[in-house]
Amino acid sequence: MTTAPDQSTIATPDQTALRAHSLSVSFANVRVLDNVSLELPHGETLVVMGPSGGGKSTLLRCLSGNQPNAAGEVRFPQWEDSTAGSRKSVPVLMMDQEPLLFEHLTVFENLAFPLRMRSEPGPKLNRQVDEMISHLELENVRRHLPAQLSGGQKQRCAFGRALLAAPAVLLMDEPFNALDNDVRTRLQSFFRKLATDYALSTVFVTHDLREALTVGTTFAMLDRGQLQTWPDAQSFAADPETGVDKEVQFWSEFHSPKRSY
Amino acid sequence: MVGPLEKILGGLLLAIPALLFLRMFLHGLQYSLGLKGLLQSGWTTTHWEAVFRSGVLLESMALSAVTALIVTMLSLVGAIVLIGTRFCYGAGKSLEAALLLALSTPAIVMAMLTRLWLEPGGLIARMLFWTGGISSPAEFPVLINDPYSLGLILCGVFCSLPFLALFFLRVWEANALHRYVSTAVLLGASPWQAVWRIALPMLWNRSRTLLVLIFLWNFSAWEGPLLVGQQSPRMISVLIADSTGEFSLADRPRSFTYSTTYFVLAAAGLAVLTRRGRHHVCRD
Amino acid sequence: MSVVTELHIPGKRQKPDTSGIVILLTVVMLILAPLLLLSGGTGWTWPALVPDRPGGMLWSAALSPDNELFGAMFTSLLLAGVTSITGTVSGLLISRATAAFSNPVPRMLLLFPWIVSPVVAGISMYDQLARAGLAGQMSGVVLAQLAFAAPLSAVVFQNLWSNRTRAMTRLVRDLGGSTTAVWRHVVWPAVRRIIPVCLLQTALFSWLDYGLVSTIGGGRVETVTVRLFALLREGGMNQAAVAALILMTPPLLLAVPLAILRLQLPDHVAGVSREIS
């Protein structure tokens, strides 16, 4: 069942980063997405959760325009209003587990790439990249090639590059999945901070509840082609269907002195 | 991992070609130093001095190296252009079919076709005759067995380019390079910028060893130079084969001097190839 | 579906593979068309574009048992068969042995035949083989070709001996297995798909070889390549075209199904990028 968006989340047109309407995709008679609609206000992070094979990645591919045989409409109202005639930013950028850093470019050059493509003047480019390197805590590896970086450093660099591209919407498909727990936790907090600082509009797919609650500001669940949404963490946690209360209960029982195992 | 019997058997089988090549090299070296041969009288460096004084071998090596370099570079440019048509103009699977067809043409047939098309009495000359461009074969420019090795270079490019282009296409697929190119486009690059700044450097990183191999193959080429190459100086394989075919025992040391020099160069080429291959593995 | 952007290369709107078809037709015109044209008759005097006397006489002559080209085909097939089988088996054993050495030098030496000219090698080997009574004999040619084919196939098999194979071998031995068990449960499953590739590769090497067979064979072992060269020297372009097409047949027989297979694959499997507009 698709929940009609909560009235409080309906943004005035110029504040909506992403609007998708009636998205439908079928594979071999299976309806992966069934008339899904969603809106993403500017500066929000919509977390999309759901079971494996539920269509989360398909949804992201639809939003990025990369899904063959999809029906529906996707628009980027804020980007369309603000960039008429200019190429100062791209409408959408997708990130997944593979950082896709350019192997022959250093960290500095990878970050600088979108700025060079926009023909940013040299001093401004250097300043922006240096600032980002500082935010990303990659000062010690600025001249390193991607092959010399750790997994976490690669993802930070890829994230920083995406930020410098200034997309209207960032799509993230379980980007921290391949990393170990410590690195993952750090990157989640890192993402949250930069998303707030840069007012990023993001659709973030994950199957990890803790990650969802750390990075998300609005929430959705995709199951059997249908999308259900919640406007904030409290309403998401309060709904028994999301599984948050079961998780809380598990950890309470785990720490209970009366537990038998 | 490998049992003792396997080691012995494998080692023996490796020894056969290894010993054959080693004996082949030593035989040539001894012959060139006067230590073997019916007309020889013991250690001497006169054959080596004569060969390098005459300049024939050096000219041949220079010609072989320059021709191989030109063929390799042209094949690289051609392969890049084909990749460009693939991804900027949508040339799809038909391109791969074309490359497979070209690849299945052996060097000797490619050389034959080069003659067929480019010699004064060839197909292009005949087409020009019927369109009024020329009135006799003598008016057609010399493109075969010519002093600039034009026909030979073309033949070499047609042999090497399909191999390189198919390699690029396979590397592109295996490494999902389209994802990197797509990312570059999403980051604001135009399609040509994405191919030039991202795809080509990545392909270059992965193809340097193959380019060395293509150079070495063209350096050692025989069928093409024999059929369409220039007569003087000759490519090194042709020089060695021709000098051996001359029916004079006194000239045998000279041809073995040529072949020994060639084997030393080939060993140097192997050293470069394996060093390049190890570098590439380390980078990954 | 209306989207503002796309993830595969935008560029121009994708046309239905016109440039690829143009390239394919060009290659067919440059390679196959002249050979088919010339082989379809006898004589080719200036300035004719087609043979003077069209007809299939050359083909029926080539395929008749008393024709030299027919005999050459069988010699080539025999050489290819023997070289491919012995080369593949030797290559497998050699690759196993070299994998056991920690020193990379033996593995590097396997690459030597890849870069050395067969004709120069043949010339240099001739004296040794003549002394052994093998020059001018098919056995001498087989031995010379094996010196190339075995390392060729060894390089192909080398990639199979990975850490995983080593771990599996250790496991079989730890479980009490003998060398036979290792071959049955580790080596054979790893190599069985590569063996046909190797057989074809070494067979093609032998089939297309001219350098070794012309030097070691000394004119007495006549293969299709030797015959082709002889016809080119004699100026018999029509017969040479027949010989060239016969020479190309095995590689084409491999390439054409591969090409058709690629043409039939869906685009995303074949790796062709698409646009969404």
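**Sheet, helix packing and chain contact in a predicted model**

Everything described here comes from a predicted model. Within this pairing, A20(A) sits opposite V74(A) of strand 4 of chain A. The two strands belong to an open sheet of three strands in chain A, whose order reads 2-1-4 and whose pairing is antiparallel. Strand 2 (30-41) and strand 4 (70-75) of chain A are the edge strands; each has a single partner strand, so one side of each is left with no neighbour in the sheet. From one strand to the next, the twist averages 5°.

Turning to the helices, helix 3 (residues 107-117) of chain A packs against helix 5 (residues 151-164) of chain A, with axes that come within 7 Å and cross at roughly 20°. Since angles under 35 degrees count as roughly parallel, that crossing makes helix 3 of chain A roughly parallel to helix 5 of chain A. The crossing of this pair is right-handed. On the helix 3 side of chain A, the contact draws on V107(A), N110(A), L111(A), F113(A), P114(A) and L115(A), while helix 5 of chain A supplies C157(A), G160(A), R161(A) and L164(A). Sorted by class, this contact between helix 3 and helix 5 of chain A comes out as seven nonpolar, two polar and one charged residues.

Helix 3 of chain A also packs against helix 4 (residues 122-136) of chain A, here with the axes 10 Å apart and an angle of about 135°. That angle makes helix 3 of chain A oblique to helix 4 of chain A. This crossing, too, is right-handed. From helix 3 of chain A come F108(A), L111(A), A112(A), L115(A) and R116(A), and they meet L125(A), Q128(A), V129(A), M132(A) and I133(A) of helix 4 of chain A. The class breakdown for helix 3 with helix 4 of chain A is eight nonpolar, one polar and one charged residues. L111(A) and L115(A) turn up in the contact with helix 5 of chain A and again in the contact with helix 4 of chain A.

Between the chains, the contact takes 14 residues from chain A and 13 residues from chain B. On the chain B side, helix 8 (177-186) and helix 9 (191-219) are the elements that give two or more residues. Helix 9 of chain B gives the most, with five residues. By class, the side of chain B that touches chain A splits into seven nonpolar, four polar and two charged residues.

Terms used. Residues are numbered from 1 along each chain as its sequence is written. Chains are lettered from A and ligands numbered from 1 in the order in which they are written. This is a predicted model: local features need pLDDT of at least 70, side-chain atom pairs count only at pLDDT 80 or more; totals for chains, interfaces and linings use all residues. Axes are lines fitted to C-alpha atoms, for helices over the stretch in contact, and angles run from 0 to 180 degrees between N-to-C directions. Helices (H or I, at least four residues) and strands (E, at least two) are DSSP runs, numbered from the N terminus. Angles under 35 degrees count as roughly parallel, over 145 as roughly antiparallel, 65 to 115 as roughly perpendicular and the rest as oblique. A crossing is left-handed if the near helix is turned anticlockwise from the far one by less than a right angle, and right-handed if clockwise. Two residues are in contact if their C-beta atoms, placed from the backbone, lie within 7 Å. Ala, Val, Leu, Ile, Met, Phe, Trp, Tyr, Cys and Pro count as nonpolar, Asp, Glu, Lys and Arg as charged, and the others, Gly among them, as polar. Two strands pair if DSSP finds at least two bridges between them.
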